[in-house]
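The entries below follow the order of my reading.

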Amino acid sequence: TRFWVLKVPKITAEETDYLYHLDREVPSFLHFLKHRQLHSKHLTRMWFHPSQLKTPALKKLLANNRNRVEKELATILLMGMDHFNIDDIQLCPIDALQLLNRTRIKTDLTQLRRLLKNSWKLENQKNTLCYQRLVWWGDGSI
């Protein structure tokens, strides 16, 4: 087994000319900055392309940074889709409001419409006269 020993020099006196030594290092530091090799190429005006910035950690952070109404509605809708084994779900804002009223999350219809239209980028459909409605019953069943 090897042990690594780090030897730190003892400070024998206080450095009073620190600014002078720092000033002498500036040309070397500027030379380093000017001639260094960069690891990423300059792709866009913002230097990094958005695909380089979207990491799993960022996606997780953004998902958990949503407001409580959005997270609760998404959970309810995903639970309904999983329960009925379907890939899409149809609802109108008043139905979503009734689903959310079963939880401790309180919201109004205006905020809910703004969420569906602006955040989720959903569009109004032409014919909403006939669709299967998702209802959360009092006993907890869907």
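**Second largest pocket**

I sorted the lining of the second largest pocket by class and found four nonpolar, two polar and two charged residues. Here Ala, Val, Leu, Ile, Met, Phe, Trp, Tyr, Cys and Pro count as nonpolar, Asp, Glu, Lys and Arg as charged, and the others, Gly among them, as polar. I listed the lining as Phe84, Ile86, Asp88, Ile89, Gln90, Gln132, Arg133 and Leu134. I read its volume as about 200 Å³.

For a pocket I took an open set of points, on a 1 Å grid over the protein atoms alone, where a 1.4 Å probe fits, with protein on both sides within 12 Å along at least five of seven lines; lining residues have an atom within 4 Å of a point.

**Basis**

I note that the model is predicted: local features need pLDDT of at least 70, side-chain atom pairs count only at pLDDT 80 or more, and totals for chains, interfaces and linings use all residues. Residues are numbered from 1 along each chain as its sequence is written, and side-chain values use heavy atoms, with hydrogens and water left out.

**Gln132**

I then turned to Gln132, which lies in the segment after α6 (109–119); a helix is a DSSP run of H or I of at least four residues, numbered from the N terminus. Gln132 is exposed, at a relative accessible area of 75% (exposed means over 50%, with a 1.4 Å probe and protein chains only). I found 16 Å between the C-alpha atoms of Gln132 and Leu97, which are 35 residues apart along the chain.

**Largest pocket**

I read a volume of about 620 Å³ for the largest pocket. Its lining has 18 residues, with Leu91, Cys92, Glu123, Asn124 and Gln125 nearest the centre.

How values were computed: Helix = DSSP H or I, 4+ residues; strand = E, 2+ residues; numbered from the N terminus. Buried < 20%, exposed > 50% of the residue type's maximum accessible area, 1.4 Å probe, protein only. Points joined across faces, edges and corners; volume = space filled by probe spheres on them.
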